[in-house]
Amino acid sequence: MRIGLISDTHDKLARTEMAVRRLLDEGAEVLLHCGDLTTAGAVERCVGVPAYFVLGNNDYDEKGLRKAIEDSGGTCLGLGGEIEIAGRRLAITHGHSGHMVRRLSVSAPDYLFYGHTHVAVDELHGKTRWINPGALHRAEDYRAALLNLETGELTSFLFA
């Protein structure tokens with residue numbers, strides 16, 4: 001099972017569409033958006049496979065974003081949540097709420113995905129692998145990532 005990871009799209013619609021297309025072309029079967037969509041347009045670019053979204057500190061129109069996510073067939077996890085895919089426990093949050101990060105990490109999921117820092121990270125904290133795919137706005141390099149849950153291989157993609 002391959003998971004496409006994006007974060008901090010900040011309404012950069014063309015770049016978001018390009019990243020989603022690349023992730024799908026590379027075999028993503030599920031998309032996780034780690035927050036800071038900013039508008040419904042970013043949600044509309046995340047189509048083609050099941051998608052899960054969390055809200056970030058720049059997602060001011062929570063009601064509109066939740067509606068867009070629901071209308072797209074996606075799942076909104078609010079400020080964070082845990083899902084199970086391919087027998088792995090995946091925690092997802094934006095990362096701006098220390099309380100949410102602690103709440104999700106205390107149960108020691110297999111993976112904790114987050115955004116907010118606009119910097120790609122892949123670290124092991126105890127038994128949990130923490131992954132930030134990077135950002136598609138306000139970053140030194142615009143990035144998205146693909147995680148193969150079977151092998152653990154994480155591939156990062158750069159975008160202009």
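Which residues have the most contacts inside the largest nonpolar core? In this predicted model, they are Ile6, Leu23, Leu31, Val43 and Phe53, in a core of 22 residues.

## Nonpolar cores

Several elements give two or more residues to this core: helix 1 (13-25), helix 2 (40-44), strand 3 (51-53), helix 3 (62-72), strand 10 (142-148) and strand 11. Another core lies apart from it and has 18 residues, including Leu32, Ile83, Ile85 and Ile131. In soluble globular proteins, nonpolar side chains tend to be buried together.

With residues up to four places away in sequence left out, leucine 31 touches Gly4, Val20, Leu23, Cys46, Val49, Pro50, Ala51 and Tyr52.

## Sheet and hairpin

Six strands make up an open sheet with mixed pairing, in the order 4-3-2-1-10-11. Strand 4 (75-76) and strand 11 (154-159) are at the edges; each has a single partner strand, so one side of each has no neighbour in the sheet. Within the sheet, strand 1 (residues 2-6) pairs with strand 2 (residues 30-33) in the parallel sense, over four bridges. Valine 30 in strand 2 is the residue opposite isoleucine 3. In a regular strand the side chains alternate between the two faces of the sheet.

Strand 5 (residues 80-85) and strand 6 (residues 88-93) run antiparallel and are joined by six bridges. Glycine 80 has threonine 93 in strand 6 as its bridge partner. The hairpin of strand 5 and strand 6 has two residues between the strands, and alanine 86 in this hairpin takes a positive phi near 50°.

A salt bridge also involves arginine 89 and glutamate 82, whose closest N and O atoms are 2.7 Å apart. Arginine 89 is partly exposed, at 26% relative accessible area, and glutamate 82 is partly exposed at 37%.

## Salt bridges

Side chains of opposite charge can pair when their charged atoms come close. The structure has nine salt bridges by the rule applied. Three of them are tabulated here.

| Salt bridge | N to O distance |
|---|---|
| Arginine 22 and glutamate 26 | 3.1 Å |
| Arginine 89 and glutamate 82 | 2.7 Å |
| Arginine 129 and aspartate 122 | 2.8 Å |

Arginine 22 is partly exposed at 34% relative accessibility, and glutamate 26 is partly exposed at 35%. In the pair of aspartate 122 and arginine 129, aspartate 122 is partly exposed with a relative accessible area of 39%. Arginine 129 has a relative accessibility of 16% and therefore counts as buried, the cut-off being under 20%.

Salt bridges with shared partners also join Glu17, Arg21, Glu44 and Arg45 into one network. Where does arginine 45 lie? Arginine 45 is in the loop between helix 2 and strand 3, and is partly exposed at 24% relative accessibility. Its contacts, leaving aside neighbours within four places in sequence, are Leu13, Thr16, Glu17 and Val20. Glycine 35 is ten residues from arginine 45 in sequence, and their C-alpha atoms are 14 Å apart in space.

## Aromatic rings

How many aromatic pairs does the structure hold? There are two aromatic pairs. One is formed by tyrosine 111 and phenylalanine 113: the ring centres are 5.6 Å apart and the planes are at 5°, so this pair is stacked. Planes under 30 degrees apart count as stacked. Both tyrosine 111 and phenylalanine 113 are buried.

Tyrosine 114 and tryptophan 130 form an edge-to-face pair, with 6.0 Å from centre to centre and 75° between the planes. This pair links distant parts of the chain, 16 residues apart: tyrosine 114 is in the loop between strand 7 (111-113) and strand 8 (121-125), and tryptophan 130 is in strand 9 (residues 128-132). Are these two residues buried or exposed? Tyrosine 114 is buried, at 12% relative accessible area, and tryptophan 130 is buried at 16% relative accessibility.

A charged side chain is also placed over a ring. Arginine 15 lies over the face of tyrosine 142, 3.7 Å from the ring centre.

Definitions and conventions:
Residues are numbered from 1 along each chain as its sequence is written. This is a predicted model: local features need pLDDT of at least 70, side-chain atom pairs count only at pLDDT 80 or more; totals for chains, interfaces and linings use all residues. Side-chain values use heavy atoms; hydrogens and water are left out. Rings of Phe, Tyr and Trp (its six-membered ring) pair if their centres lie within 6.5 Å; planes under 30 degrees apart count as stacked, over 60 as edge-to-face and the rest as tilted. Buried means under 20% relative accessible area, exposed over 50%, partly exposed in between (1.4 Å probe, protein chains only). A charge sits over a ring if NZ of Lys or CZ of Arg is within 6 Å of the ring centre and within 35 degrees of the ring normal. Two strands pair if DSSP finds at least two bridges between them. A salt bridge is a side-chain nitrogen of Lys or Arg within 4 Å of a carboxyl oxygen of Asp or Glu. A nonpolar core is a set of buried Ala, Val, Leu, Ile, Met, Phe, Trp, Tyr and Cys residues joined through side-chain atoms within 4.5 Å. Contact means heavy atoms within 4.5 Å.
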